[in-house]
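Hi,

Here is the structure we talked about, with some notes on what turned up around the ligand and in one of the pockets. Have a look at it first, then read on.

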Amino acid sequence: MDSLITSVARDLAAASRVVALTGAGISVESGIPPFRGKGGLWEKIDPMEYAHIDAFMKDPAKIWQVLILEMKNVVDKARPNSAHQGLARLETLGILKTIITQNVDGLHQMAGNTDVIEFHGNFAWQRCMQCDHRLETRHIDLAQMPPRCECGGIFRPECVFFGEMISPDHLNRSRQAASSCDVMLVVGTSALVQPAAFMPVIAKRSGARIIEINSERTPLTRDVSDLLIMGKAGEVINRLLTEIEKLR
Ligand code: APR
């Protein structure tokens, strides 16, 4: 592993436009369960029954009670781990430009990254479905289910449910970042959900080096990634930063 870490650290230190694509795996060490695999949220509840926009429209109280409160509990307590902090350091060093994240936990911004594209929206804000009034999730009155706005409308999280479109602005900015980077770090994603999982393909086709950091292989590993550093994101990114700091 050491020689792999050293060679990737050299690639990153020499790169001028690194972009990261992150998934739930980067937040596991912050106490937020992943969606798939061991302990995954979708192992406990069916995403089509609880995380699809049609399910929310049909019974918002049920989605609030089962999915949204559960997410609020884990996200409220979560803090950036060393993987988030390492990516923030990479931005400070002028190496990492943009993070495209599938996560809605806000931990990259909390760690200090300033150019974060929240591809699947975010959980920090709720929006009234009647008057579009926005309120931070932490200020929502949970005494009534589903929570309602003063106008009587129902609040919904600003996350992207299954069955919804990705914001065209996020999609365009992500494509732009993916097609202009020289290295893409793909951290903690099962690469099963499109169009997020297509960003590494765009980067690859544009000539970027694709470096995966994951505790397991993914569908990208064989055909798209140039290499996979297998391990926990926090530990791997920590070791990469240690090597990069030596090179400076
Ligand atoms: N370090 C590195 N990788 C990890 C760690 C860890 N500590 N723990 C888990 N992983 C890896 C798993 O091997 C898996 O490949 O992180 C990935 C988590 O995959 P998912 O749970 O599917 O998360 P993600 O890829 O972000 O899901 C994409 O699916 O349900 C939707 O909207 C949801 O944004 C999410 C999207």
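The domain bounds used here come from an automatic or database domain assignment. Domain 1 (1–32 + 80–120 + 166–248) and domain 2 (34–77 + 122–159) both give residues to the shell around the ligand, so the ligand lies between them.

Please keep in mind that this is a predicted model: local features need pLDDT of at least 70, side-chain atom pairs count only at pLDDT 80 or more, and totals for chains, interfaces and linings use all residues. Residues are numbered from 1 along each chain as its sequence is written, and side-chain values use heavy atoms, with hydrogens and water left out.

The ligand is surrounded by 22 residues (a heavy atom within 4 Å of it), and F35, R36, T189, S190 and N214 are the closest. The protein buries 92% of the 730 Å² that the ligand exposes when taken alone (Shrake-Rupley method, 1.4 Å probe).

There is also the second largest pocket (on a 1 Å grid, an open set of points with protein on both sides within 12 Å along at least five of seven lines; lining residues have an atom within 4 Å of a point). Its lining has 17 residues, with V75, D76, D105, M110 and A124 nearest the centre.

Best wishes

Methods: On a 1 Å grid over the protein atoms alone, a cavity is a set of points where a 1.4 Å probe fits but cannot get out, and a pocket is an open set with protein on both sides within 12 Å along at least five of seven lines; lining residues have an atom within 4 Å of a point.
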